[in-house]
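Dear colleague,

Please find below the structure that I am handing over to you, together with its sequence. My notes on what was found in it follow directly after.

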Amino acid sequence: MSVAPGLQPESWHLLSLLEQAPGLQALGDTLADLADEGHPVVVGTADLKYSNGLVRFQDRHPDKYLQFGISEQHMVSTAAGLATTGLRPYVATFASFMALLACEQIRTDVAYTRQPVRLIGHHAGITLGFYGTSHHATEDLAITRSIAGLTVIAPADTAALAAALRATVDHPGPVYFRIGRGRDPDVYPAGTTLEIGKAVEHGTGSDLTLIATGSMVHPALGAAAALSADGYSVGVLDMHTVKPLDEEAVLGAARRSRLLMTVEEHNVLGGLGGAVAELISEHGVPVRLHRHGIRDQYSLIGPPTHLYGHYRLDAPGVEAEAREALLA
């Protein structure tokens, strides 16, 4: 394994980084496990193997690892070419670079040709708080769900990420994985399984159903617990697959709850909230919908924890937003 001097596999710098971001360990380890099992996995990244944990894959399978440098568009196009040979390319970079910068390559080289490329957009949403607008990804769900033939998945935690990678290993088309910075609190136990396109139901509610995706599932569960303690009937749907949307789960919630509230670390336009709004309007279900996220603005620059508080994307904030919507 070739690494920069001072960042050897046993280096406390690297070990500390990975310990703080177990989700990134899961990414590299799960892909390495799939390669061990005989799946035709190849992995590439754009000069971010420490930021996304793929150094762990490189350590175990250096012959199946590609370093593209700061060349994200080239990486995606190359992945499409590799896929035509029977390989399963997994390529990763910051979500803002993957979905925005390489959008043309995703659409034309990958999705249009229906190649089984796995596009991993990490540090999504506002997780790169201090890095500024160029690194914030609050439009990627809207972009990727509008691309024909592209499956869009946002796992809630480490176990869900590993499960999603396994559930899609033989999927015939392209997949976009939207993940955070690997520090999401645990929602599911290790070894959990997911069915792509099938939401996970955490209880049902006649007053409110929170429909959350990715990093917002844990705060939604916390908010639901607080509201339930005050006598509200609240359910939560983990909509880990944003496309294809679990229509049955959404319509079922719409028919039994007086309010639906989507929760996403994303612009309220075009993402999960937009997908739910489209579905319930097309089916004529008479239910109120409140879309919660970043309200059509460029997010502020600061520590992620502060930004989550400011935009009410932590558990107390989601709870407060839901209380106001229920009383409106």
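In helix α11 (residues 272–282), the buried residues are Leu272, Gly273, Gly274, Ala275, Val276, Leu279 and Ile280. Buried here denotes under 20% relative accessible area, exposed denotes over 50%, and partly exposed lies in between (1.4 Å probe, protein chains only). These buried residues of α11 pack against α7 (140–145), β8 (208–212), α10 (247–256), β11 (259–267) and β12 (288–294), where a contact requires heavy atoms within 4.5 Å. Glycine 284, with a positive phi near 65 degrees, follows α11.

Please note that this is a predicted model, in which local features need pLDDT of at least 70 and side-chain atom pairs count only at pLDDT 80 or more, while totals for chains, interfaces and linings use all residues. Residues are numbered from 1 along each chain as its sequence is written, and side-chain values use heavy atoms, with hydrogens and water left out.

As to the whole chain, the protein has 13 helices and 12 strands. The radius of gyration is 19 Å, close to the 20 Å that the globule rule gives for 328 residues, so the protein chain is as compact as a globular protein of that length. That radius is taken over C-alpha atoms, and the rule is 2.2 Å times the number of residues to the power 0.38. Helices (H or I, at least four residues) and strands (E, at least two) are DSSP runs, numbered from the N terminus. Of the 328 residues, 55% are buried. Among contacts between residues at least 6 apart in sequence, 76% join residues at least 24 apart.

I turn next to strand β3 (residues 88–94). Strand β1 (residues 41–45) pairs with β3 in the parallel sense over 5 bridges, and valine 41 has arginine 88 of β3 as its bridge partner. Strand β4 (residues 118–122) also pairs with β3 in the parallel sense, over 5 bridges, and threonine 93 stands opposite glycine 121 in β4. Two strands are taken to pair if DSSP finds at least two bridges between them.

Phenylalanine 97 belongs to helix α5 (residues 95–101). Its relative accessible area is 19%, so phenylalanine 97 is buried. Leaving aside residues up to four places away in sequence, phenylalanine 97 touches Glu72, Ala102, Ser134 and His135. The C-alpha atoms of phenylalanine 97 and glycine 121 are separated by 7.9 Å, with the two residues 24 apart along the chain.

Most residues other than glycine have a negative phi, and most peptide bonds are trans. Aspartate 47, in the loop between β1 and α3 (55–60), has a positive phi near 65 degrees. With 47% relative accessibility, aspartate 47 counts as partly exposed. Histidine 123, in the loop between β4 and α7, has a positive phi near 55 degrees. With 10% relative accessibility, histidine 123 counts as buried. The peptide bond from lysine 243 to proline 244 is cis, with omega near 0 degrees; proline 244 lies in the loop between β10 (241–243) and α10.

With kind regards
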